[in-house]
Amino acid sequence: MSTSATLVLLGAFLASAVEMVEALTIVLGVGIVRGWRSTLIGVAAATIVLAALVAALGPALRVLPIETLRLVVGALLLAFGLQWLRKAILRSSGYTPMHDEDESFRRHRAQAAAAGREEKARLDWYSFTVAFKGVLLEGLEVVFIVISFGSAQGRLGLASAGAGAAFVLVVGAGVLARGPLERIPENTIKFAVGLLLTSFGCFWGAEGTGVDWPGDELSLLGVIGFLGALSFLLVRALRRQRLVLVPAEVKA
Amino acid sequence: MKYVRSFGLFWWNFVVGDDWRVAAGLAFALGLTSLLTHSGVNAWWLLPVAIALLLAGSLWRETRRPRSREDQRSYAR
């Protein structure tokens, strides 16, 4: 398997796993408190919408010339990936609290318990809409990543396999644990995903404008190394800056 | 109308996010790379440099802005 194929598989797997862990937390939080029937119907409805989106977008993207596709996908991945990377650096340096899946689960459970009961079409409307929205929004990010990774590299099957493996692993672990997957090092995975999304975005975005990368696909590793080193340095610099700022702010 | 607004907001958050300057800078860098490449300069180096500058600039702005009480609590943690 080539370098870029391995990275496409790994990127799709990790990004999908992170989004699916977040969707699972929402679904568990609602399902445990309010019952499973309406919650699972919400999950199924969101899955159908996502499947329809993939079925419509997948073939449509094949019509576009590969250079245009790489430019558009690269630009979107860059914008999206840099947000992840920026957030991950802020978390690692202590400026933003780490994402806590257990805390998120408790919050969703408390909200589900406090919400009133409204029946529509013989469904508990709260459970249905929260599960539907949660799976749809997290799923849209998975769909975007899988389609962009797959289509720009011409390896939609490989990217889908990565997402499929993540689905089996996350849902399997969720069923076994019967609770949120707080032991998964989500913040570290998000850092890695941000790095991969930004690197792929940089590589494809530049290729889309007509650039010839020195060393072709191997330069992707160079971009990952460069952005990885940059992120490491930024985390260290921000940690030092924070240590200087904290005493002054605490005194104030 | 509500759904159109929600849809637009979703895509704005998805693509632009917390710092619109980063998205605008990326669009400018991609445009400049395209311009240079079509003028015969293989500007493969431009985008990584632009990303480094935009990321560092965005983090610098974020960590220097006045912070809320909740932010300050997380500072001290």
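This is a predicted model: local features need pLDDT of at least 70, side-chain atom pairs count only at pLDDT 80 or more; totals for chains, interfaces and linings use all residues.

Visitor: How many residues does helix α1 of chain B have, and how far does it reach?
Guide: Helix α1 of chain B covers residues 2-15, which is 14 residues. From first C-alpha to last it reaches 20 Å, close to the 20 Å expected at 1.5 Å a residue.

Visitor: How many of the 14 residues of α1(B) are buried?
Guide: The number is zero, so α1(B) lies largely in the open.

Visitor: Changing topic, how many residues of chain B are in contact with chain A?
Guide: There are 31 residues of chain B in contact with 35 residues of chain A. On the chain B side, the elements giving two or more residues are α1, α2 (20-38), α3 (46-64) and α4 (69-76).

Visitor: Which of them gives the most?
Guide: That is α3(B), with ten residues. The chain B side as a whole divides into 18 nonpolar, ten polar and three charged residues.

Visitor: Now Ala206(A): where does it lie?
Guide: Ala206(A) is part of helix α7 of chain A, residues 186-208.

Visitor: Is Ala206(A) buried or exposed?
Guide: Ala206(A) counts as buried, because it has 30 C-beta neighbours inside 10 Å.

Visitor: What is Ala206(A) in contact with, leaving aside neighbours within four places in sequence?
Guide: In chain A, Ala206(A) is in contact with Val211(A) and Trp213(A). In chain B, its contacts are Thr33(B), Trp44(B) and Leu47(B).

Notes: Residues are numbered from 1 along each chain as its sequence is written. Chains are lettered from A and ligands numbered from 1 in the order in which they are written. Helices (H or I, at least four residues) and strands (E, at least two) are DSSP runs, numbered from the N terminus. The expected span of a helix is 1.5 Å times one less than its number of residues. A residue is buried if 20 or more other C-beta atoms lie within 10 Å of its own, exposed if 12 or fewer, and partly exposed in between; C-beta atoms are placed from the backbone. Two residues are in contact if their C-beta atoms, placed from the backbone, lie within 7 Å. Ala, Val, Leu, Ile, Met, Phe, Trp, Tyr, Cys and Pro count as nonpolar, Asp, Glu, Lys and Arg as charged, and the others, Gly among them, as polar.
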